[in-house]
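Subject: Structure for you to look at

Hello,

Here is the structure I promised to pass on. Please open it first, then read the notes below.

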Amino acid sequence: MVESTYCKESKISKVAIIDDKKDDVETEELWIEDAGLEPVYLEGPFKTLHDLITSFSKSGADSAICDHRLGSYYAQFDGAAAAATLFKNKIPAILVTQFLDIDRDTSIRRWRKNIPALFPRDEGNVDTICKAFMDTVKELSGDVSEYRRPQRALIRIQEINSEGGTEVIDALIPQWNPKKAVRFPIDLINNKLYEYIKIGTRFIANVNTGALNSSDLFFSDFELAPAPDNDI
Amino acid sequence: MSADYLKFSPEILARLGEELIPHPDQGLIELVRNSYDADATNCTIELKNTGKEGGTISISDDGIGMSESAISSGWLLIGRSQKTSHKRTDLGRLQVGDKGLGRLAALRMGTQVALTTRPKDEKGIEYALSIDWAKYDKVDFVEKVPITITKSKTSTDTGTDILLQNLRIPLGRREIDRIARQLVLLANPFDDTTGFRPCLVAPGFKDLERKVRERYFSQAHFHLKATVNDKGYAEAQVLDWKNKQLWSANHKALSKSKYKTIPAEFDLWTFLLLAKNFSDRTASVQEVKDWLKVTGGVHLYYRGLRVRPYGDSGHDWLEMNLARTRSPEERPATYNSIGRVVVDDIYGRMIQKTDRIGFIESETFTELKRFCKDALEWMASERLKDAEKRRRIYREQSTVLTNKARKEVSKLIENIVPQKQRPAIIDAFQKYEKAITKKEKSLEEDLQLYRSLATAGTTYAVFAHESAKPVTRIKQATDSLEIRIKHAVEKEDYSNFEKPIKILRNATDSLRSYASFPLYLLKKEKRIVGDIDVHKVLNDIIGLFEPFMSSEKIDVEQEYTDATPYIHGTIALLEAIFANLLTNAINAFTSPNSQNKNRKVLLRTEISGELLLIKVIDNGQGIKMNIDEIWLPGKTTTPGGTGFGLTIVKDAVADLSGKAYALAKGELGGAEFTIELPLLRH
């Protein structure tokens, strides 16, 4: 199989697969086997994230790959929630999705802070998953890359919209890119600040302003920015 | 130890004057605004010999003039931020105020300035001063040049005259037209409540003024009237041309939350610019179009005077044109509407930018915009409901009406036409019916095609990701196959597997690039309005088309301007334009009659003033159709073509406030398309 430096360094050996679609599971098994690792499929259904953690513990796996869109017959949560929860439990978990461009700003962004590695399905191969595991293992050990390091940043609301039933905000983060608005779900903001949410409002939040692509940005810990001095 | 003070080099005069406010019209308008603040009813700008250097401009008003202390602590004091007072003048005006930077820019248009002013409170007295800017070149700091204010007796009425002498740069036709338009629109030509009438003594001004004051408001098909009060609650109504209320809305119908802005009134008059819609009007559609060319757009009146750039040509600050791209039906655009937003802002909550182009985007301003946009959205929604209702009724009634009309014609023929002539009349009528039926059938077919295309699009949008999956799986399985074979066989035996694996890989790469095409175009962020780097979009589209171009042996050349042009709009609209033009070029080379061996498409960008020109030029067969018809839907010479590509280009360009042109035989001998788009102001 492939001698991947990344997989060797990450020291993982058995990967749990969390995915509801047989075809996709087969492809994921190919990647994992070709990387010299052992795949183990986690059979659902999972009612809660706690159920998932329990199943994972019993599987003997030391890492996980999660598909994002999970049918409700398999899990009552999505793959991003699963990957983030596993990560918060110190398990290297990576996320793969066919629908990155659709779900990036809503259901994935919601959990992105705890998902160090994510890739679109059509980029999946041995190298991709091994690098993803390595990045995740590094972050778990405290070695956070410059692209993932959160900074306090100013955020200015440009638009409030609705996307697929989720209320979202389009905002400018001047420290990241003063011209390109980034979308995120409104529920990332503490509901105590909801009364201030309107076009033009400025917040300060933790944002990984070193990210290269908008799909890698995550947001947390919002507070209202103090009003600017109008006396010019 | 010695005392000193802050000093200003004379170069600061240029920095704060003509460099901060580079357009001469902007500076002159500031002088006119000063006249407004001085309660003038008339203000005249006269241009003399301004077509070359050395001309003069005089600005005269009949306002309250200035006393010596007003000159000293006001007119000569540059940079003080006058807190715009909520006290009204004798004529009830709220002053628009100014830090004097616009005035400075105007005064420095010439090498000398002469001011004479006769204050209202000192009848028969005139104060005068002159400034020679050349004197400032000889000193180290500004304060070293004394300015003497002289006092004399006069019999001239109160007012102020400013003479700018020996202009440094000439004013061309374009600048004069711009000054003229700004002046005419400056003091709310929609009504005469301010009592302020600025005018320009220059050829063509009277005509322009007459055009603006013509006032075709009563010919508008829809009049939106919306207000927001001091508590942030709004209401709106739409009236027809007879002032009858069609629809009304309370605050809840417009917004879930209060508007955190100042009291405002928003009026928008929308015209349906087709001749058939003017059959019962007193004005013609051409008269209204000509009027809208000068006055169209939504203007913002602050304390009685218009503030640029709101309502300037190409400045769609309420994004009406872009809202049309999301839902083109029943929405106004800047070319068929005229509107005004009127605010008094008694407490000065809105602050103009230092260069006087627009307001600082504070919460007050953005909430004002939101109020206007919500009102527009509500009106569009009501119009759409109404249009649907009309369509339904028409569909239900059309067959009945057609049959009824046929029976009436038959009856008339029977009753009026003599027996001998009847067969000829019946025959002619039947031929006419046949022709109409044929035309209807053709329209039906177009509609079916349009619906099919739209369905293909909407279906693909839903299944785009799923349909790309099998191709991805083939690719990934091929990769895995390669790894496993390499692991299982000796190196020299692997060569037997190389060729079929390579074929598999090449085929899946081609399939993936074709499959990714629609997914690429459908990405939702491309429909978000913003500042767009045109070259980047062009390069991305060229990259996307590369497999098609390669397979057809079409050489794509790019000649871009050195600048990085930005426009305001959506990536989706730009891609719609470029993708359709490139498709057009590919079709030109792949049509049955195409003979070209050295196939070439040239993409060129150029900056022309405030416009970006994008040219798509090929060396194909050229355009064989009537050049005016190429933009019409359903018109095509491509076998199997839909005839919608160039229609989409034309519509997308219009939505970006641009223009599209075509040459049947261009620079390279084939078709040449030019797209003109307004550059983003910085």
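**Helix 12 and helix 13 of chain B**

In this predicted model, helix 12 (residues 491-522) of chain B packs against helix 13 (residues 534-551) of chain B at an angle of about 155°, and their axes are 10 Å apart. Axes are lines fitted to C-alpha atoms, for helices over the stretch in contact, and angles run from 0 to 180 degrees between N-to-C directions. Helices (H or I, at least four residues) and strands (E, at least two) are DSSP runs, numbered from the N terminus. Helix 12 of chain B and helix 13 of chain B are therefore roughly antiparallel. The cut-offs: under 35 degrees is roughly parallel, over 145 roughly antiparallel, 65 to 115 roughly perpendicular, and the rest oblique.

The crossing of helix 12 of chain B past helix 13 of chain B is left-handed. Left-handed means that the near helix is turned anticlockwise from the far one by less than a right angle; clockwise is right-handed. On the helix 12 side of chain B, the contact (heavy atoms within 4.5 Å) uses S513(B), Y514(B), F517(B), Y520(B) and L521(B). Helix 13 of chain B brings D540(B), I541(B), L544(B), F545(B), P547(B) and F548(B). By class, this contact of helix 12 with helix 13 of chain B has 9 nonpolar, 1 polar and 1 charged residues. Ala, Val, Leu, Ile, Met, Phe, Trp, Tyr, Cys and Pro count as nonpolar; Asp, Glu, Lys and Arg as charged; the others, Gly among them, as polar.

**Two other helix pairs in chain B**

Helix 14 (residues 571-590) and helix 15 (residues 645-655) of chain B cross at roughly 150°, and their axes come within 9 Å. That makes helix 14 of chain B roughly antiparallel to helix 15 of chain B. The crossing of helix 14 with helix 15 of chain B is left-handed. Residues in the contact include L573(B), A576(B) and I577(B) of helix 14 of chain B, and L646(B), I648(B) and V649(B) of helix 15 of chain B. The contact of helix 14 with helix 15 of chain B divides into 9 nonpolar, 3 polar and 1 charged residues.

Helix 2 (residues 24-37) and helix 5 (residues 173-186) of chain B pack at about 30°, with axes 9 Å apart. Helix 2 and helix 5 of chain B are therefore roughly parallel. Helix 2 of chain B passes helix 5 of chain B in a right-handed crossing. The contact of helix 2 with helix 5 of chain B has 7 nonpolar, 2 polar and 3 charged residues.

**Between the chains**

The whole structure holds 56 salt bridges over all chains. A salt bridge is a side-chain nitrogen of Lys or Arg within 4 Å of a carboxyl oxygen of Asp or Glu. One pairs R473(B) with D23(A) (3.7 Å, N to O). R473(B) lies in helix 11 (residues 422-488) of chain B and D23(A) in helix 2 (residues 22-34) of chain A, so the pair joins two chains.

**Backbone points**

Most residues other than glycine have a negative phi, and most peptide bonds are trans. The bond from G44(A) to P45(A) is cis, with omega near 0°. P45(A) sits in the loop between strand 2 (38-41) and helix 3 (49-59) of chain A. The bond from R308(B) to P309(B) is also cis, with omega near 0°. P309(B) is in the loop between strand 13 (305-307) and helix 9 (320-326) of chain B. N166(B), in strand 6 (residues 159-167) of chain B, has a positive phi near 55°.

**Confidence and conventions**

Chain B has a mean pLDDT of 85, and 91% of its residues reach 70 or more. pLDDT is the predictor's confidence in each residue, from 0 to 100. The model scores ipTM 0.73 and pTM 0.56.

Residues are numbered from 1 along each chain as its sequence is written, and chains are lettered from A and ligands numbered from 1 in the order in which they are written. Local features need pLDDT of at least 70, side-chain atom pairs count only at pLDDT 80 or more, totals for chains, interfaces and linings use all residues, and side-chain values use heavy atoms, with hydrogens and water left out.

Best wishes
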